[in-house]
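Here's a quick tour for anyone who likes to look at contacts before setting up a calculation. Have the viewer open and follow along.

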Amino acid sequence: MTIEQIFKDKTIKAKAKVATIGQWLVAGELPLDELLAFAEHQKAAGKATCIESVEYATKTAPGIADETLLAFVTKSLKDEEPRVKWESAKVIANIAKQFPAQLAPSIKLLLANAENDGTVVRWATATALAEILKLKTEANAKLLPAVEKLCDKETDNGVKKKYQDGIKKAKK
């Protein structure tokens, strides 16, 4: 079965599509660049499903990530579709450890998304920013105070907890 066939098959539920494609990525049966090229030409929902598959795969196998993936999900943080934004942020949270020196563009866009109206977008963004803070890179000099301000303004406790976790670990 191909990616196209999975997306066209209406009998396969969204979560099953994500799991199947994610497993293909982990097993090396589907090259990451092939999925990203496919995602590039999808409508918002299809693109978000592709990115969610990458999130599924990078949760257990972050080593599949490369700089092309980081660039793709960073660019996707600017997408209009909230689900594309939050799935991209979750991928960044999973792979940030591998690219500590290349996160500046991601940080800039994550900070912009931290002001989003959508709670899920803010939660995923907070997760990614917390993971980046935990890396204790030079970026923390500017990032830590910015995240502390965001944490103080945040009204949702789940989002606030993500920030607090990152701040606490960054200060250790």
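Predicted model: local features only at pLDDT ≥ 70, side-chain atom pairs only at ≥ 80, totals over all residues.

**Helices α9 and α10**

Let's begin with α9 (residues 140-153) and α10 (residues 157-171), whose axes come within 10 Å and cross at roughly 145 degrees. The crossing of α9 and α10 is left-handed. On the α9 side, the residues in contact are N140, L144, V147, E148, L150, C151 and D152, and they meet K160, Y163, Q164, I167, A170 and K171 of α10. Sorted by class, that contact between α9 and α10 has 7 nonpolar, 2 polar and 4 charged residues.

**Buried spots**

Over in α7 (residues 104-113), the buried residues are S106, I107, L109, L110 and N113. These buried α7 residues pack against α5 (67-76), α6 (82-95), α8 (119-134) and α9.

Now for S53, which is found in α4 (residues 44-60). S53 has a relative accessible area of 0%, so it's buried. Leaving out residues up to four places away in sequence, S53 touches K17, V18, I21, G22, L25 and L35.

As for cysteines, C50 counts as buried at 1% relative accessibility, and C151 counts as buried at 6%. The disulfide count comes to 0.

**Salt bridges**

How many salt bridges does a search of the whole structure find? There are 12 salt bridges, and the table shows some of them, including one from α10 to α9.

| Pair | Closest N to O distance |
|---|---|
| K47 and D79 | 3.3 Å |
| E154 and R122 | 2.9 Å |

K47 forms its salt bridge with D79. Since K47 lies in α4 and D79 in the loop between α5 and α6, the pair ties together parts that are 32 residues apart in sequence. K47 counts as buried, with 11% relative accessibility.

E154 and R122 form another salt bridge. It links E154, in the loop between α9 and α10, to R122 in helix α8, 32 residues away. Both E154 and R122 are buried.

Is K171 buried or exposed? K171 is exposed, at 54% relative accessible area, while E148 counts as partly exposed at 26%. Elsewhere, salt bridges with shared partners join E131, K134, D165 and K169 into one network.

Terms used. Residues numbered from 1 in each chain as written. Heavy atoms only, no water. Axes fitted to C-alpha atoms, helices over the stretch in contact; angles between N-to-C directions. Helix = DSSP H or I, 4+ residues; strand = E, 2+ residues; numbered from the N terminus. Left-handed = near helix turned anticlockwise from the far one by under 90°. Contact = heavy atoms within 4.5 Å. Nonpolar A, V, L, I, M, F, W, Y, C, P; charged D, E, K, R; others polar. Buried < 20%, exposed > 50% of the residue type's maximum accessible area, 1.4 Å probe, protein only. Disulfide = S-S within 2.5 Å. Salt bridge = Lys/Arg side-chain N within 4 Å of Asp/Glu carboxyl O.
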